[in-house]
Amino acid sequence: GRVVRDEGRRLAEMVERVLDLAGSYSGHRKWRLEDVDVEPVLTECVASLEPLARERGLGIESVVDGPLPRVRAERSALRRAVANLLQNAILHGGDGGPVGLRAEASGPVGQSKVRITVEDRGRGIPAAEVPHLFEPFFRGAEAVSSQTRGSGLGLSLVKRIADAHGGAVEVTTAPGRGSAFTLVLPALARSHDDPPHTAG
């Protein structure tokens, strides 16, 4: 019964990702943008992925260098992007240590960015695979050989979401030292009601 339940959830998740990706490529996807506080979204993502992390014998270390400025985003899409990065790190990061989640604001006033980094301490990604990471359905050789579950759509969705919000995704990886994926989004200009943040 547990196997049927888990496989059903995995299939439903894959179908949802396929539909999201297809919608983003069709040009008919309507993004419901609003001013979003980033920290509560990160808290939700950590809470939703902690059971999977515990199942894999890992923890999630979350650090917010804030307070953070708001971003103009679709809240559910931002949550999906961060959750996808966390899930990838948990599933593919090996047993090298806890998954890290760090958020910070950087850049000069008026041009600041919110940077959300998810880092694992796994084996790293081979250089030959890095250019293909954001291609739909791409799965690395390590994931295939270890039969790690996944559809190969998570990073594609993260890239599409970042592009739609005027942002980007950065990748840093080294053999034996893990990988870090950073979602970079433009920050909104601070209003008088927002707490100040320090530009880096």
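**Figure 1. Packing of helix 3 against helix 5 in the predicted model.** In this predicted model, the axes of helix 3 and helix 5 lie 9 Å apart and form an angle of about 145°. The crossing of helix 3 past helix 5 is left-handed. Helix 3 contributes Ala 77, Arg 80, Ala 81, Asn 84, Leu 85 and Asn 88 to the contact, and helix 5 contributes Gly 154, Leu 155, Leu 157, Val 158 and Ile 161. By class, the residues of this contact comprise seven nonpolar, three polar and one charged. Helix 5 spans residues 154–164, and its buried residues are Gly 154, Leu 155, Ser 156, Leu 157, Val 158, Ile 161 and Ala 162. After helix 5 comes Gly 166, with a positive phi near 70°.

**Figure 2. Packing of helix 2 against helix 3.** The angle between helix 2 and helix 3 is about 35°, and their axes are 9 Å apart. Helix 2 passes helix 3 in a right-handed crossing. On the helix 2 side, the contact consists of Pro 40, Val 41, Leu 42, Glu 44, Cys 45, Val 46, Leu 49, Leu 52 and Ala 53. On the helix 3 side, it consists of Arg 75, Leu 78, Arg 79, Val 82, Ala 83, Leu 86, Gln 87, Ile 90 and Leu 91.

Figure 3. Five strands in the order 2-4-5-7-6 make up an open sheet with mixed pairing. Strand 2 (60–65) and strand 6 (168–174) are the edge strands; each has a single partner strand, so one side of each lacks a neighbour in the sheet. On average, neighbouring strands of this sheet are turned by 15° against each other, direction ignored. Strand 2 runs parallel to strand 4 (residues 99–106), and six bridges join the two. Within this pair, Ser 62 is opposite Leu 101 of strand 4. Strand 5 and strand 7 run antiparallel and are joined by seven bridges, with Val 118 opposite Phe 181 of strand 7.

**Figure 4. Helices lying across the sheet.** Helix 2 (residues 38–55) lies across strand 2, strand 4 and strand 5 (113–119), and its direction is at about 170° to strand 2. Helix 3 (residues 75–92) lies across strand 2, strand 4, strand 5 and strand 7 (178–186), running at about 175° to strand 7.

**Figure 5. Surroundings of Ala 103.** Ala 103 belongs to strand 4. Its relative accessibility is 0%, so Ala 103 counts as buried. Leaving aside residues up to four places away in sequence, Ala 103 touches Leu 42, Val 63, Val 64, Asp 65, Leu 68, Arg 115 and Ile 116. Ala 103 and Arg 115 are separated by twelve residues in sequence, and their C-alpha atoms are 5.6 Å apart.

**Figure 6. The hairpin of strand 4 and strand 5.** Seven bridges pair strand 4 with strand 5 in the antiparallel sense. Gly 100 has Glu 119 of strand 5 as its bridge partner. Six residues lie between the strands of this hairpin, in which Gly 107 adopts a positive phi near 100°.

**Figure 7. The hairpin of strand 6 and strand 7.** The pairing of strand 6 with strand 7 is antiparallel and extends over seven bridges. Ala 174 is positioned opposite Gly 178 of strand 7. Three residues separate the strands of this hairpin, where Gly 176 has a positive phi near 75°.

**Figure 8. The chain as context for the close-up views.** The protein chain contains five helices and seven strands, which follow one another from the N terminus as α-β-α-β-β-α-β-β-α-α-β-β. Of its 200 residues, 40% count as buried. Among contacts in the protein chain with a separation of 6 or more, 72% are between residues 24 or more positions apart.

Definitions and conventions. Residues are numbered from 1 along each chain as its sequence is written. This is a predicted model: local features need pLDDT of at least 70, side-chain atom pairs count only at pLDDT 80 or more; totals for chains, interfaces and linings use all residues. Side-chain values use heavy atoms; hydrogens and water are left out. Two strands pair if DSSP finds at least two bridges between them. Helices (H or I, at least four residues) and strands (E, at least two) are DSSP runs, numbered from the N terminus. Axes are lines fitted to C-alpha atoms, for helices over the stretch in contact, and angles run from 0 to 180 degrees between N-to-C directions. Contact means heavy atoms within 4.5 Å. Buried means under 20% relative accessible area, exposed over 50%, partly exposed in between (1.4 Å probe, protein chains only). A crossing is left-handed if the near helix is turned anticlockwise from the far one by less than a right angle, and right-handed if clockwise. Ala, Val, Leu, Ile, Met, Phe, Trp, Tyr, Cys and Pro count as nonpolar, Asp, Glu, Lys and Arg as charged, and the others, Gly among them, as polar.
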